[in-house]
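Here is a brief report on one protein chain. It starts with charged pairs, then turns to a helix and the overall fold.

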Amino acid sequence: MIGEKGTTGSQKDVVETYSWIKQLETQNVDSGSWLIDVFNCINNIESNEFCLQDIYAYKEILQEKHIDNHNIEAKIRQQLQFLRDKGLIEFLGRGHYKKRF
């Protein structure tokens, strides 16, 4: 992983980081954009655990970036499921999640 002041960690850390990033790979450019945008929203949340409402707080920002999508909340939930399936977040139940990165 990238350490303090931009230095890289051990080779093992770099390989592990690459593996996490590789999991985000998608074939659809639009889906990839959505995925990265939702992942960035999650990353902006300070706590390790978050709820659906925390992500919905970014709804207006996501709407501005994806003006053709009129089902923002459904798209957010879809991307959360994808991130869960890739092992980057854990679904705790009833709209609650935990970061695994």
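## Salt bridges

Arg84 and Asp85 join their side chains in a salt bridge, 2.7 Å from N to O. The model is predicted. Arg84 is partly exposed, at 35% relative accessible area. Asp85 is exposed, at 57%. The whole structure holds 3 salt bridges.

Another pairs the side chains of Lys65 and Asp37, at 3.0 Å from N to O. This pair links distant parts of the chain: Lys65 sits in helix H4 (residues 59-65) and Asp37 in helix H2 (residues 29-44), 28 residues apart. Lys65 is exposed, with a relative accessible area of 52%. Asp37 is buried, at 8%.

Lys59 and Glu73 also form a salt bridge, 2.9 Å from N to O. Lys59 belongs to helix H4 and Glu73 to helix H5, so the bridge ties together parts 14 residues apart in sequence. Lys59 is partly exposed, at 32% relative accessibility. Glu73 is partly exposed too, at 30%.

## Helix H5

H5 covers residues 72-85, 14 residues in total. Its first and last C-alpha atoms lie 20 Å apart, close to the 20 Å expected.

Which residues of H5 are buried? They are Ile72, Lys75, Ile76, Gln79, Leu80 and Leu83. They span an arc of only 140° around the axis, so they lie on the same side of H5. Just after the helix, Gly87 adopts a positive phi of about 85°.

## Overall fold

The chain has 5 helices and 3 strands. Their order along the sequence is α-α-β-α-α-α-β-β. Of the 101 residues, 32% are buried.

The chain exposes about 7,100 Å², with 49% supplied by carbon and sulfur atoms. Among contacts with a separation of 6 or more, 55% join residues 24 or more positions apart.

Note on methods
Residues numbered from 1 in each chain as written. Predicted model: local features only at pLDDT ≥ 70, side-chain atom pairs only at ≥ 80, totals over all residues. Heavy atoms only, no water. Helix = DSSP H or I, 4+ residues; strand = E, 2+ residues; numbered from the N terminus. Buried < 20%, exposed > 50% of the residue type's maximum accessible area, 1.4 Å probe, protein only. Contact = heavy atoms within 4.5 Å. Areas by Shrake-Rupley, 256 points an atom, 1.4 Å probe, with all protein chains shown as cover. Expected span 1.5 Å × (residues − 1). Arc of directions from axis to C-beta. Salt bridge = Lys/Arg side-chain N within 4 Å of Asp/Glu carboxyl O.
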